[in-house]
Structure formats: structure tokens, C-alpha cells
Amino acid sequence: MADHVDRILEQWHIQRPDIDASPMAVIGRLSRLSLLVDGELRRTFALHDLDRPSFDVLATLRRSNSEHSLTPAELMRSSMVTSGAITQRLDRLEARGLVSRAPSPTDGRGVVVTLTEAGLALIDKALPDHVATEHRLLAALSTEERDALAGTLRTLLESLGDNRPT
């Protein structure tokens with residue numbers, strides 16, 4: 001069954017047969033998939049009054065260690081939040097009572113960010129819904145297909161330089 005991307009490729013084949021537009025089969029579908037996935041995840045996050053960056057910060061703190069604490073630099077490296085956004089994100093989360101910042105006990109100039117009880121409760125409530133949404137989004141794929149796709153995407157990401165340690 002032909003999809004939107006197949007129709008685009010056919011049009012390019014007719015209009016510009018001299019150009020190999022086959023990469024559009026992958027990139028076009030990845031782009032469309034990204035939009036669909038982002039929309040579904042946004043809806044799930046909204047159920048918990050969160051957005052993706054806030055969820056990522058809370059989830060990173062939750063999974064990092066038993067104290068649920070990291071420095072802002074560690075948080076930035078371990079989450080999907082850029083350095084420019086981390087301070088603003090932490091300000092918002094702190095204002096909502098979901099994280100606290102305190103002086104580092106080991107570095108007089110540093111700060112440690114910690115999940116509050118409210119932040120821990122919220123991420124523990126949101127995480128199962130998030131994972132359920134991801135399961136639903138991937139339901140058309142078998143376990144083997146998901147594993148193969150994950151491996152292929154990892155290879156592609158690494159080839160493009162996305163091999164930063166977590």
C-alpha cells in the first residue's frame with residue numbers, strides 16, 4: 001500500500017528521474033513519524049501538567065541515583081535538555097515545588113538539584129502513562145522489529161555524531 005512518501009517519491013521520479021531521491025523514503029517517514037510521536041507524547045505529558053523538557057528533567061533525576069540529585073551540569077548531560085534551557089527549566093520546576101536547589105556539599109560554588117516529594121510523586125505517576133503511550137505507538141511492530149529498528153536508528157545516530165555518553 002502506497003503512503004504519502006511513496007507518492008512524493010513517484011512525483012520526483014517523474015519530474016527529476018536524474019536524481020536518486022530514495023533517501024526521502026527514510027527521512028520523510030522519520031519526519032512524519034516524529035510529528036506524530038511528538039503529538040502523542042505531548043498529550044500524555046499534558047495529562048500531568050508537564051511538557052517534554054520538564055518530564056525529561058524529572059525523569060533524569062528519578063533514574064539517576066537513590067538521592068534523585070544531580071548538579072545542573074550532570075543533569076544537562078544526562079537529559080534531553082540543552083544547556084541554554086536547563087536554568088529556565090529548573091526555575092519553573094522549582095517554582096512548582098517539584099525540585100529544589102541547594103549548595104553542593106562537595107563544591108562550595110556548585111549547586112545540587114534534587115527531586116522534592118511532590119516531584120517524585122509526579123514523575124512516578126506520569127512515567128507509567130508515558131511508557132504506555134510508547135507501547136501503544138509501537139504496537140504495530142513485533143519485539144524483533146522494534147529491536148531491529150532500535151539498532152538501526154542507533155547506528156544512524158552514531159554515524160551522525162550522536163554518541164555522547166549519558
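Leaving aside its neighbours within four places in sequence, which residues is Thr-133 in contact with? They are Glu-40, Leu-41 and Thr-44, where contact means heavy atoms within 4.5 Å. Please keep in mind that this is a predicted model, in which local features need pLDDT of at least 70, side-chain atom pairs count only at pLDDT 80 or more, and totals for chains, interfaces and linings use all residues. Residues are numbered from 1 along each chain as its sequence is written, and side-chain values use heavy atoms, with hydrogens and water left out.

- Thr-133 sits in helix H6 (residues 117-137); helices (H or I, at least four residues) and strands (E, at least two) are DSSP runs, numbered from the N terminus.
- Thr-133 is buried, at a relative accessible area of 6% (buried means under 20%, with a 1.4 Å probe and protein chains only).
- Helix H2 covers residues 23-46, and its buried residues are Gly-39, Leu-41, Thr-44 and Phe-45.
- H3 and H6 are among the elements that cover these buried residues of H2.

**The nonpolar core**
- The largest nonpolar core has 20 residues, and Leu-58, Leu-61, Leu-75 and Val-99 have the most contacts inside it; such a core is a set of buried Ala, Val, Leu, Ile, Met, Phe, Trp, Tyr and Cys residues joined through side-chain atoms within 4.5 Å.
- H3 gives this core its largest share, five residues.
- Beyond its neighbours within four places in sequence, Leu-75 is in contact with residues including Val-57, Leu-61, Ile-86 and Val-113.

**Asp-56**
- Asp-56 belongs to helix H3 (residues 52-64) and is buried, with a relative accessible area of 10%.

Note on methods:
Buried means under 20% relative accessible area, exposed over 50%, partly exposed in between (1.4 Å probe, protein chains only). The expected span of a helix is 1.5 Å times one less than its number of residues.
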